[in-house]
Amino acid sequence: MRVVISGGGTGIGRACAERFVADGADVVLVGRRQAVLDDAARALGSRATCFRADASDPDDVAALARQVGSVDVLVCAAGGTVDVTGDDLVATAQRWSQTYAANVLSAVLLAEALVPLMPRPGGRIVAISSVSGRKGSGSYGAAKAALNNWVVDLAGELAQEGITVNAVAPGYVPDTGFWDGRRDEAEMQRRLAKVAMGRAGRVDEVAEAVAYFASFRSGFTTGQVLGVDGGTLLSL
């Protein structure tokens, strides 16, 4: 099995790569930072290769599709917030458009390019969404809500071909780059207060959900957004 993982060099993407390699799959790590990808590939061993690409750039994604060959599973883990400061209209436009590109366009372009390389039936697409896509949170929440809707729409398009499309929506999982600079005690306690289970999540718990959606056992499950959030929505 060959698995392509965007954002595969760090955080949830890397945890997914570790899970797939443990199951004997070959993984292709995709990301923008070559050094990060190289480090991850070395740590994962001979089953891992990497390809430097910005998943929101059409030329980069087209080059990936030409290089990768067949694809059984696509995991769209690239995304997150963007570093745009200011509150004027220009900054607002940049923040929203760049957040959308990072979280939605990156998944859309990868799927458009790699779906033709997938087996029919049996192809799998799994997007990494967020609990924020169900409860707001500015441009990031709006982007993840759009990603969820895209997942449902694409699932309908590909169902007759036997390709499933699902999303995993993590809650507070602090062991990722997404939380860099926001791990102080006060912020941690504020986040934990929203989690019904009273603890933070782990990247391996998210990867386990991704692994299910990627497996042959999930062949009758498509168009779903699975929350891995410790019951965060139950606490709101």
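This is a predicted model: local features need pLDDT of at least 70, side-chain atom pairs count only at pLDDT 80 or more; totals for chains, interfaces and linings use all residues.
Cys-16 takes part in no disulfide, and the nearest cysteine sulfur, in Cys-76, lies 11 Å away.

Cys-16 belongs to the buried set of helix α1, together with Ile-12, Gly-13, Ala-15, Ala-17, Phe-20 and Val-21. Helix α1 comprises 12 residues, 11–22. The distance from its first C-alpha to its last is 17 Å, close to the 16 Å expected at 1.5 Å a residue. In an α-helix there are 3.6 residues a turn, so residues three or four places apart point the same way. Within α1, Ile-12 and Cys-16 are both among the buried residues, as are Ala-17 and Phe-20. Gly-24 follows the helix and has a positive phi, near 90 degrees. A negative phi is found in most residues other than glycine.

Helix α4 was examined in the same way. This helix covers residues 89–114, and its 26 residues should span 38 Å at 1.5 Å a residue; the end C-alpha atoms are 36 Å apart, so the two values agree. A bend of about 40 degrees is present in α4 at Leu-105. The buried residues of α4 include Val-104 and Ser-106. Also buried in this helix are Ala-91, Thr-99, Ala-101, Asn-103, Ala-107, Leu-109, Leu-110, Ala-111 and Leu-114. The packing partners of the buried α4 residues are the strands β1 (2–6), β4 (73–76) and β5 (124–128) and the helices α3 (58–68) and α5 (138–158).

The loop between α4 and β5 contains Pro-121. The peptide bond joining Arg-120 to Pro-121 is cis, with omega at about 0 degrees. Most peptide bonds are trans.

Thr-164 is located in strand β6, which covers residues 164–170. Its relative accessibility is 4%, and Thr-164 therefore counts as buried. With residues up to four places away in sequence left out, Thr-164 is in contact with Gly-123, Arg-124 and Ile-125, and also with Phe-213, Ser-218, Gly-219, Thr-221 and Thr-222.

Definitions and conventions: Residues are numbered from 1 along each chain as its sequence is written. Side-chain values use heavy atoms; hydrogens and water are left out. A disulfide is a pair of cysteine sulfur atoms within 2.5 Å. Helices (H or I, at least four residues) and strands (E, at least two) are DSSP runs, numbered from the N terminus. The expected span of a helix is 1.5 Å times one less than its number of residues. Buried means under 20% relative accessible area, exposed over 50%, partly exposed in between (1.4 Å probe, protein chains only). The bend at a residue is the angle between axes fitted to the seven residues ending there and the seven starting there. Contact means heavy atoms within 4.5 Å.
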